[in-house]
Amino acid sequence: MSFKDISQIAGSAMAAQTVRLNTVASNLANADSVSGNENDTYRARKPVFAAVMNEGPNAEAGGRVQVLDVVQSAEPLRKVYEPDNPVANAEGMVFYPNVNQVAEMTDMMSASRAFETNVEVMGRVRSMQQSLLKLGEM
Amino acid sequence: MGINFKEATGVHADALQLRSERTRILASNIANENTPGYQAQDMDFAASMAQAQSSTDGGLALLSDSDPLYRVPFHPTSDGNTVEIGIEQAAFSQNATDFQTSLTFINMKLKGLAKAINGQ
């Protein structure tokens, strides 16, 4: 019945937020991965979420969330003059990734909070289901 | 004079079904907290309850029979998402507690019936 759906909905959100945390970790880890070539430089990655509406009789009653794609940010890279850097190009320039560390930190907090909320939903639904199973017990 | 279980449990049997349906809607809202363009939904509990009570065949009218209702957000967002997590969490918590309340009422009713059956 619908209890299974609810667990799946909360589970899908937990999976989606995990993907989001993964991209945040990757972006923060590579915030200083310089390169001498604009095309080879790391670019910040962002997941794109989308709602999956249920099919069948209760189609409108909400649905799961899925990660449609992980896109790379189109923000311009940071170009810095570092002639001593071993990867610097002929003009002595290196490219820094377009990772906004402050934005990544807030994104991380938002993702972990959303994850926790869905864990709570799952726990609450489980206790509802358990008390329903105890119905009529003396 | 027989015991009618459908009458004994009263509104609470229908209420349980509607509560679990609403739990699903609210769980979807919470799950899609960060989905761009997602519009938070809810059900008109009183109207659904009245509909369930009026249907004489005992079949429960679920949300599919009526159009979904959408929440009006207090703060518009740039990505078109209308989920406000505090409101959804509060509604979810209240709904879960109401579910337990209905369950407790049914349980008490069944215990009363058991006592009557055993002649205590």
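Trainee: How much of chain B is buried?
Mentor: In this predicted model, 42% of the 120 residues of chain B count as buried.

Trainee: And what is chain B built from?
Mentor: Four helices and two strands. Starting at the N terminus, the order is α-α-β-α-β-α.

Trainee: What share of its contacts with a separation of 6 or more comes from residues 24 or more positions apart?
Mentor: For chain B that share is 77%.

Trainee: Which residues make the contact?
Mentor: On α2(A), you've got Thr117(A), Asn118(A), Val121(A), Val125(A), Met128(A) and Leu132(A). From α2(B) come Leu16(B), Thr23(B), Ala27(B), Ile30(B) and Ala31(B).

Trainee: Left-handed or right-handed crossing?
Mentor: α2(A) passes α2(B) in a left-handed crossing.

Trainee: Different topic. What does UniProt list for residues 92–135 of chain A?
Mentor: An unreviewed UniProt entry gives that span as "domain: Flagellar basal-body/hook protein C-terminal".

Trainee: How far apart are the ends of that span, then?
Mentor: The end C-alpha atoms of residues 92–135 of chain A lie 75 Å apart. By secondary structure, the span is 75% helix and 9% strand.

Notes: Residues are numbered from 1 along each chain as its sequence is written. Chains are lettered from A and ligands numbered from 1 in the order in which they are written. This is a predicted model: local features need pLDDT of at least 70, side-chain atom pairs count only at pLDDT 80 or more; totals for chains, interfaces and linings use all residues. Side-chain values use heavy atoms; hydrogens and water are left out. A crossing is left-handed if the near helix is turned anticlockwise from the far one by less than a right angle, and right-handed if clockwise. Contact means heavy atoms within 4.5 Å. UniProt positions are given in the numbering used here, feature names are shortened, and annotations may be inferred rather than shown by experiment. Buried means under 20% relative accessible area, exposed over 50%, partly exposed in between (1.4 Å probe, protein chains only).
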